[in-house]
Amino acid sequence: MHSEKQLSTEINANVPTAARMYDHYLGGKDNYAADRAACEELDKVVPSTRHLALNNRRFLQRVVRTLSEEYGIRQYLDHGSGLPTQDNVHQVAQRIDPTTHVVYVDNDPMVLVHGRALLEQDERTTVIHADMRETDLIFDHADTKRLIDFSQPVCVLFNSVFHCIPDSDTDGPLAVARRVRERLAPGSFLVMCQLVSEDAEVREFVTNFMDQATQGHWGRVREPKDVEAYFEDLEILEPGLVEVSTWRPDTEVAPRQLTHEWIEFGGVGRIPLEKQ
């Protein structure tokens, strides 16, 4: 298993990470030459990746705004949160209600350093250095217990991260989703999306490329049906499970995913208020 103590706190600039590559695609500065080179190679086969990353970020912001405004969610647990960028979960949610509590979780040591520096003055938000598969460690962490009341509805985010972990009966995405769901109160939400492709060659190339580039810190690009399985027993919010740029767009002219060699696919599920 992957405890907080076992995770490396060393930042290796020579090995790309998904968090730093994502940061580069979003126009951030917290990345290295190795990350940018990996993005360039990836773009040769899947050129829509930068647009995909930007659309995914906008999806995250729309989801948090929707759940805060329309459903009154005031607690967020964000797995694989990545490097701080503009309009993070706590910023979107706290604009609606400043008392909102947010816990970020990431296993990238650079995320921990930058996140804690950013949040030093924010008592309602914290960053935990942990692997997203360590459900018990995350839920029982002192900082999580300080900020999140799991007897009340909470939003748990797995936004564009499940493709970073391989399939496993105990640690794969489906097992993690089930484990988390068991710990949540009725009325809680799970936000889950990941990279998928209908093209077997694209799935194989990206999976192999990212696995080699990140030295094994990768899972696989999956198919839409795999993501649908994560939402078992959940009430799926409209418009359902979709390519994320089409999830409740702000306007009719909002940016859409234009090419579909791979897409970010998922949505928002709610634990029924009365358990089935």
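The model is a predicted one, in which local features need pLDDT of at least 70 and side-chain atom pairs count only at pLDDT 80 or more, while totals for chains, interfaces and linings use all residues. Residues are numbered from 1 along each chain as its sequence is written, and side-chain values use heavy atoms, with hydrogens and water left out.

**Helix α2**

Begin by selecting residues 33-45, which form helix α2; helices here are DSSP runs of H or I with at least four residues, strands are runs of E with at least two, and both are numbered from the N terminus. Within α2, colour Asp35, Ala38, Cys39 and Leu42, which are buried (under 20% relative accessible area, where exposed means over 50% and partly exposed lies in between, with a 1.4 Å probe and protein chains only). Viewed down the axis of α2, these buried residues fall within an arc of 105°, so they line one face of the helix; the arc is that of the directions from the helix axis to the C-beta atoms. On the face turned away from the buried side, select the exposed residues Ala33, Glu40 and Lys44.

Two packed helices are described by the angle between their axes and the distance between the axes. For α1 and α2, the axes come within 9 Å and cross at roughly 75°, the axes being lines fitted to C-alpha atoms, for helices over the stretch in contact, with angles from 0 to 180 degrees between N-to-C directions. The two helices α1 and α2 are therefore roughly perpendicular (65 to 115 degrees; under 35 counts as roughly parallel, over 145 as roughly antiparallel and the rest as oblique). To display the contact, select Arg20, Met21, His24 and Tyr25 in α1, which meet Asp35, Arg36, Ala38, Cys39, Leu42 and Asp43 in α2.

Next, keep α1 and bring in α3: the axes of α1 and α3 come within 9 Å and cross at roughly 95°, which makes α1 roughly perpendicular to α3. Here Tyr22, His24 and Tyr25 in α1 meet Thr49, Arg50, Ala53, Leu54, Asn56 and Arg57 in α3.

Now centre the view on His24 in helix α1, which is buried, with a relative accessible area of 19%. Beyond its neighbours within four places in sequence, His24 is in contact with Asn31, Arg36, Cys39 and Arg50.

**Loop residues**

Select Ser160 in the loop between β4 (155-159) and α8 (173-182), where phi is near 60°, a positive value in a residue other than glycine; Ser160 counts as buried at 14% relative accessibility. Gln215, in the loop between α9 and α10 (224-230), also has a positive phi, near 55°, but Gln215 is exposed, with a relative accessible area of 60%.

Move on to Pro239, placed in the loop between β6 (235-236) and β7, and inspect the cis peptide bond that joins Glu238 and Pro239, with omega about 10°.

End at Thr246, in the loop between β7 (242-243) and β8 (263-270), which counts as partly exposed at 33% relative accessibility. A polar atom of the Thr246 side chain lies 2.7 Å from the backbone oxygen of Glu243.

Key:
Contact = heavy atoms within 4.5 Å. Polar contact = N/O pair within 3.5 Å; in protein donor to acceptor, adjacent residues only side chain to side chain.
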